[in-house]
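My notes are in the order I looked things up.

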Amino acid sequence: VLSVGVLTATFMLREWLDFLLILVVTGLVLIAEIFNSAVEALCDFVETRHNEKIAIIKDMAAAAVGIAILLWAVVLVVEIGRLLA
């Protein structure tokens, strides 16, 4: 929702590079989340019982999403700051 608001503002102000940057990082987060969901589903399919190695794999996939969200947040904070200035 936050991305849509900032994307709308940058689109209306014709800040094309900012618009594309926000679009790319938002897409990155969505792609990372899809990969995370796929990895978790595959792990659950392969091993239904608790397995420490599977837990580590799931944690690594979740960490990738966390890094993508951190990057997204940094870009949005910078862009919102630029729009308000």
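What follows is my run of entries, from the overall build down to single residues.

**Entry 1: overall build.** I reminded myself that this is a predicted model. I looked up the secondary structure and found three helices and zero strands. Reading along the sequence, I get the pattern α-α-α. Next I checked how spread out the protein is. Its radius of gyration is 17 Å, while the globule rule gives 12 Å for 85 residues, so the protein is more spread out than a compact globule. I also noted the spans of the C-alpha trace along the principal axes, about 55 × 20 × 15 Å.

**Entry 2: burial and contacts.** I looked up how much of the protein is buried and got 26% of the 85 residues. Then I took the contacts with a separation of 6 or more. Residues 24 or more positions apart make up 64% of those.

**Entry 3: helix α3.** At the N-terminal end of α3 I found a cap, Asn 51. One of its side-chain oxygens sits 2.9 Å from the backbone nitrogen of Lys 53.

Which residues of α3 are buried? I listed Ile 54, Ala 55, Ala 61, Val 65, Ala 68, Trp 72, Val 75, Leu 76 and Glu 79. I then asked what they pack against, and the partners are α1 (2-12) and α2 (16-46).

**Entry 4: the core.** I turned to the largest nonpolar core, which has 12 residues. Among them are Val 6, Leu 7, Phe 19, Ile 22, Val 65 and Trp 72. Each of α1, α2 and α3 supplies at least two residues of this core. I jotted down a general point here: in soluble globular proteins, nonpolar side chains tend to be buried together.

Leaving aside neighbours within four places in sequence, Ala 68 is in contact with Leu 28, Val 29 and Ala 32.

**Entry 5: aromatic rings.** I searched the whole structure for aromatic pairs and found three. One of them joins Phe 11 and Trp 16, edge-to-face, at 5.3 Å centre to centre and with 80 degrees between the planes. Trp 16 also pairs with Phe 19, again edge-to-face, at 6.4 Å and 80 degrees. Both Trp 16 and Phe 19 lie in α2, three residues apart, or about one turn of the helix.

Phe 19 has 18%, and the cut-off for buried is under 20%, so Phe 19 is buried.

**Entry 6: Leu 42.** Last, I looked at Leu 42, which is in α2. Leu 42 has a relative accessible area of 53%, and exposed means over 50%, so Leu 42 is exposed. I also took its distance to Lys 53, which is 11 residues away along the chain: the two C-alpha atoms are separated by 13 Å.

Definitions and conventions:
Residues numbered from 1 in each chain as written. Predicted model: local features only at pLDDT ≥ 70, side-chain atom pairs only at ≥ 80, totals over all residues. Heavy atoms only, no water. Buried < 20%, exposed > 50% of the residue type's maximum accessible area, 1.4 Å probe, protein only. Helix = DSSP H or I, 4+ residues; strand = E, 2+ residues; numbered from the N terminus. Contact = heavy atoms within 4.5 Å. Polar contact = N/O pair within 3.5 Å; in protein donor to acceptor, adjacent residues only side chain to side chain. Core = buried A, V, L, I, M, F, W, Y, C linked by side-chain atoms within 4.5 Å. Phe/Tyr/Trp six-rings, centres within 6.5 Å; stacked < 30°, edge-to-face > 60°. Rg over C-alpha atoms; globule rule 2.2 N^0.38 Å.
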